[in-house]
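Welcome to this tour. Please open the model in your viewer and keep the selection tool at hand.

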Amino acid sequence: MSDQIAAVTKSVEDAIATAKQNLEGLVKAQQEQIEKASAKVLKGYDELTVLTKENVDALVKSGTVVAKGAEEAGKQVAAFTQSSLEKSVSNAKALLAVKTIQELVELQNAYAKASIDALVSESTKLQELTVKIANEALAPLNARVNATVEVLSKKPVAA
């Protein structure tokens, strides 16, 4: 009988050892899956962090371009205003020195034509500068939009 008890005990111990090995294997497999999933999540988070930082950098760069462009445009407008004021003063002095009405009309017409021509020319320059600034300011943003779309389009959609 002792042999039978020993055999049953051995069978039970073997069954327990097999169950323990199976359980350890299952726990290990689950742990590996969790580690893989965690690594993917962390990698995705790191990629998103880098993407966001690059987007913020592009926004700062764009803002810097706009600020410098606004400064340049302001200087251009100030220079034109100064020049126009000087021409107005010069014209006023010339008008005070005229001898005839005909001379006054001719001088005033010439001044008006020159002023309009200068205004049109300056407006064109300012418009060109504005377009240039807008294009330069949008360039880093466009690049980031394209990069963001490219990165996000490669990511699988979460279910």
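Start by selecting Glu54, which is partly exposed, with a relative accessible area of 35%. Here buried means under 20% relative accessible area, exposed means over 50%, and partly exposed is in between, using a 1.4 Å probe and protein chains only.

A word on what you are viewing: this is a predicted model, in which local features need pLDDT of at least 70 and side-chain atom pairs count only at pLDDT 80 or more, while totals for chains, interfaces and linings use all residues. Residues are numbered from 1 along each chain as its sequence is written, and side-chain values use heavy atoms, with hydrogens and water left out.

**Stop 1**

A salt bridge here is a side-chain nitrogen of Lys or Arg within 4 Å of a carboxyl oxygen of Asp or Glu. Helices are DSSP runs (H or I, at least four residues), as strands are (E, at least two), numbered from the N terminus.

Is Arg144 buried or exposed? At 14% relative accessibility, Arg144 counts as buried. The side chains of Arg144 and Glu54 are also joined by a polar contact of 3.1 Å. For that term, look for a pair of N or O atoms within 3.5 Å; within protein, one must be able to donate a hydrogen and the other to accept it, and residues adjacent in sequence count only if both atoms are side-chain atoms.

**Stop 2: the two helices**

Now select residues 2-96 for helix H1 and residues 101-154 for helix H2. The two pack at an angle of about 180°, with their axes 10 Å apart. H1 and H2 are therefore roughly antiparallel to each other. By class, the contact of H1 with H2 has 24 nonpolar, nine polar and eight charged residues.

If you want to colour by these classes, Ala, Val, Leu, Ile, Met, Phe, Trp, Tyr, Cys and Pro count as nonpolar, Asp, Glu, Lys and Arg as charged, and the others, Gly among them, as polar. Axes are lines fitted to C-alpha atoms, for helices over the stretch in contact, and angles run from 0 to 180 degrees between N-to-C directions. Angles under 35 degrees count as roughly parallel, over 145 as roughly antiparallel, 65 to 115 as roughly perpendicular and the rest as oblique.

**Stop 3: Asn91**

Asn91 is buried, with a relative accessible area of 9%. Show Gln108 as well: a polar contact of 3.4 Å joins the two side chains.

**Stop 4: pairs within H1**

The count of salt bridges comes to six. One of them joins the side chains of Lys53 and Asp57 at 2.9 Å, N to O. Both residues lie in helix H1, four residues apart, about one turn of the helix. Lys53 is exposed at 53% relative accessible area, whereas Asp57 is partly exposed at 38%.

Then select Lys75 and Glu71, whose side chains meet in a salt bridge of 3.4 Å, N to O. These two also lie in H1, four residues apart. Lys75 is exposed, with a relative accessible area of 55%, and Glu71 counts as partly exposed at 47%.

**Last stop: the annotated domain**

Finally, select residues 47-145, where UniProt places the feature "domain: Phasin" in an unreviewed entry. UniProt positions are given in the numbering used here, feature names are shortened, and annotations may be inferred rather than shown by experiment. Over this stretch the chain is 96% helix and 0% strand, and the end C-alpha atoms are 15 Å apart.
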